[in-house]
Amino acid sequence: MTYHRFNQQKIAKMNTPEYFSSRKTVRKYDPARTVSSTLLHDMLRDAARAANTGNMQTYSVIISEKPETIAALAPAHFNQPAIANAKAVLTFCIDFNRFNHWCRINNTTPGLNNLQGFTWGVIDTSIFAQQFCTIAELNGLGTCYLGTTTYNAGQIAETLKLPHDVVPVITVTVGYPDENPELQDRLPLEAIVHNETYVTPSDCKIEEFYSEKESLSSSKQFVAENGKDNLAQVFAEVRYPLASNEQFSRIYKEFLKNQGISL
């Protein structure tokens, strides 16, 4: 496939607004089609044009294409189907290692290994990853974010041989789509946009915002399968319970400390 660099004329021709309004996460990839390394590098080169704090680019990405490497990463992501059949797995990391090294060989002390620097790193790494996903999808590929990267960061770091001062933040699976999933529900714009100042919604407004999500048959099935009274309980007590989040927070915080990040 020919790689497209997206100048304004090409964007207009590709019906980009329709892309954004109908954008889907793809978890199943065509087993017969590989994603060339050249294509990946070309897309990452353009993705690296994304905005970042101070133009420091305190991030790196590790591309995993070998089946054995992807298989080694899979347990850290709880063997999700999206990683099992991915043609490439990209692990986007905060990378203070490179910046700190540059500072030290130039006789100065870097100052990013703290909460402020970590926050910058998370933001910039996320922007880089999202820009890559947009470029990849506009080139006909499917992508899927794996939300499990911070759960088992130590295991991922060991598999990818990440050095001190490098922290995995985001994992994206890539391949040519072998499915056409339905659009996922989204909250109404009114729920997430505030004009001039933040307006705390009333109980009635909260119920209104979540009513469509709660009315979906899939949501009702989640509630029934988990023996809960409503969808909020499924999210708070089953999918993302406090105890689990606190446990993984402790694990990630300890990993960050071992990597040299002081929070």
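In which helix does Leu-189 lie? Leu-189 belongs to helix α9, residues 189-192.

The model is predicted, so local features need pLDDT of at least 70 and side-chain atom pairs count only at pLDDT 80 or more, while totals for chains, interfaces and linings use all residues. Residues are numbered from 1 along each chain as its sequence is written, and side-chain values use heavy atoms, with hydrogens and water left out.

View 1. Helices are DSSP runs of H or I with at least four residues, numbered from the N terminus.

**View 2. Salt bridges of Lys-205 and Glu-190.** A salt bridge is a side-chain nitrogen of Lys or Arg within 4 Å of a carboxyl oxygen of Asp or Glu. The side chains of Lys-205 and Glu-190 form one, with an N to O distance of 2.8 Å. Lys-205 is in helix α10 (residues 203-215) and Glu-190 in helix α9, so the pair ties together parts that are 15 residues apart in sequence. Lys-205 is partly exposed at 26% relative accessible area, and Glu-190 is partly exposed at 43%. A network of salt bridges links Glu-190, Lys-205 and Glu-208.

**View 3. Salt bridge between Arg-23 and Glu-137.** Searching the whole structure gives seven salt bridges. In one of them, the side chains of Arg-23 and Glu-137 meet at 2.9 Å, N to O. Because Arg-23 lies in the loop between α2 (16-21) and α3, and Glu-137 in helix α7, this pair ties together parts that are 114 residues apart in sequence. Arg-23 is partly exposed, with 27% relative accessibility, whereas Glu-137 is buried at 12%.

**View 4. Salt bridge between Asp-95 and Arg-98.** The closest N and O atoms of Asp-95 and Arg-98 are 3.2 Å apart. Asp-95 is buried, with a relative accessible area of 8%; Arg-98 is partly exposed, with 39%.

**View 5. Packing of helices α3 and α7.** Two packed helices are described by the angle between their axes and the distance between the axes. For α3 (residues 37-47) and α7 (residues 115-138), the angle is about 130° and the axes are 8 Å apart. Axes are lines fitted to C-alpha atoms, for helices over the stretch in contact, and angles run from 0 to 180 degrees between N-to-C directions. The two helices α3 and α7 are therefore oblique to each other; angles under 35 degrees count as roughly parallel, over 145 as roughly antiparallel, 65 to 115 as roughly perpendicular and the rest as oblique. The crossing of α3 past α7 is right-handed (the near helix is turned clockwise from the far one by less than a right angle; anticlockwise is left-handed). Phe-128 is in helix α7 and is buried at 4% relative accessibility. Its C-alpha atom and that of Asp-46, 82 residues apart along the chain, are separated by 9.6 Å.

How values were computed:
Buried means under 20% relative accessible area, exposed over 50%, partly exposed in between (1.4 Å probe, protein chains only).
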